[in-house]
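I opened the notebook today to look up a few side chains and their neighbours. Here is the structure I had on screen.

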Amino acid sequence: MGLTCSVGIAPNKLVAKIASDFQKPDGLTVVKPEEVRQFLEPLKVINLIGVGKKTGERLEELGINTIGDMSKLSQGS
């Protein structure tokens, strides 16, 4: 019986955590500083730490499906 693990390497803890979940259950994901936006934008907002099922559903109702969609919002929205 072997032990598997997933590892995410990125410029900060948040992106590294998302990267480690990216290729579960046994994968390595490396996100270079210049690749962070490209990596995050297509992911569903539910992949963000702290965004649960209900918040994800509400955001989808508002037309916010991906992290990229969320990043396009202004702070005043």
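**Entry 1: the model and its core**

I am working with a predicted model. I started with the largest nonpolar core, which has 14 residues. Which of them touch the most other members? I found Val15, Ile18, Val31, Phe39, Leu40 and Leu43. Helix H1, residues 13-22, and helix H2, residues 36-40, each supply at least two residues of this core.

With residues up to four places away in sequence set aside, Leu40 touches Val15, Ile18 and Ile67.

**Entry 2: Thr29**

I looked up Thr29 next and found it in strand E2, which covers residues 28-30. Is Thr29 buried or exposed? Its relative accessibility is 7%, and because buried means under 20%, Thr29 counts as buried.

I also checked what surrounds Thr29. Beyond four places in sequence, its contacts are Val7, Gly8, Ile9, Ala19, Phe22, Gln23 and Phe39. Two of these names, Phe22 and Phe39, come back in the next entry.

**Entry 3: the aromatic pair**

I searched the whole structure for aromatic pairs, and one turned up. The ring centres of Phe22 and Phe39 are 5.1 Å apart and the planes stand at 70°, so I noted the pair as edge-to-face. Phe22 belongs to helix H1 and Phe39 to helix H2, so the pair ties together parts that are 17 residues apart in sequence.

Phe39 is buried, with a relative accessible area of 13%, whereas Phe22 counts as partly exposed at 46%.

**Entry 4: salt bridges**

How many salt bridges does the structure hold? I get four.

I began in helix H1. There the side chains of Lys17 and Asp21 meet in a salt bridge, at 3.3 Å from N to O. Both residues lie in helix H1, four residues apart, which is about one turn of the helix. Lys17 is partly exposed with a relative accessible area of 39%, and Asp21 is partly exposed as well, with 35%. I also noted that Lys17, Asp21 and Lys24 are linked in a network of salt bridges.

Next I took Glu41, which forms a salt bridge with Arg37; their closest N and O atoms are 3.6 Å apart. Arg37 is exposed, with a relative accessible area of 59%, while Glu41 is partly exposed, with 31%.

I finished with Glu61 and Arg58, whose salt bridge has its closest N and O atoms 3.2 Å apart. Both lie in helix H3, three residues apart, again about one turn of the helix. Glu61 is exposed, with a relative accessible area of 60%, and Arg58 counts as partly exposed at 46%.

**Entry 5: Lys44**

Where does Lys44 lie? I found it in the loop between H2 and helix H3, the latter covering residues 53-61. Lys44 is partly exposed, with a relative accessible area of 48%. Leaving aside neighbours within four places in sequence, Lys44 is in contact with Asn65, Thr66 and Ile67. Ile67 was also on my list for Leu40.

The C-alpha atoms of Lys44 and Leu3 are separated by 29 Å, and the two residues are 41 residues apart along the chain.

Terms used
Residues numbered from 1 in each chain as written. Predicted model: local features only at pLDDT ≥ 70, side-chain atom pairs only at ≥ 80, totals over all residues. Heavy atoms only, no water. Core = buried A, V, L, I, M, F, W, Y, C linked by side-chain atoms within 4.5 Å. Buried < 20%, exposed > 50% of the residue type's maximum accessible area, 1.4 Å probe, protein only. Contact = heavy atoms within 4.5 Å. Phe/Tyr/Trp six-rings, centres within 6.5 Å; stacked < 30°, edge-to-face > 60°.
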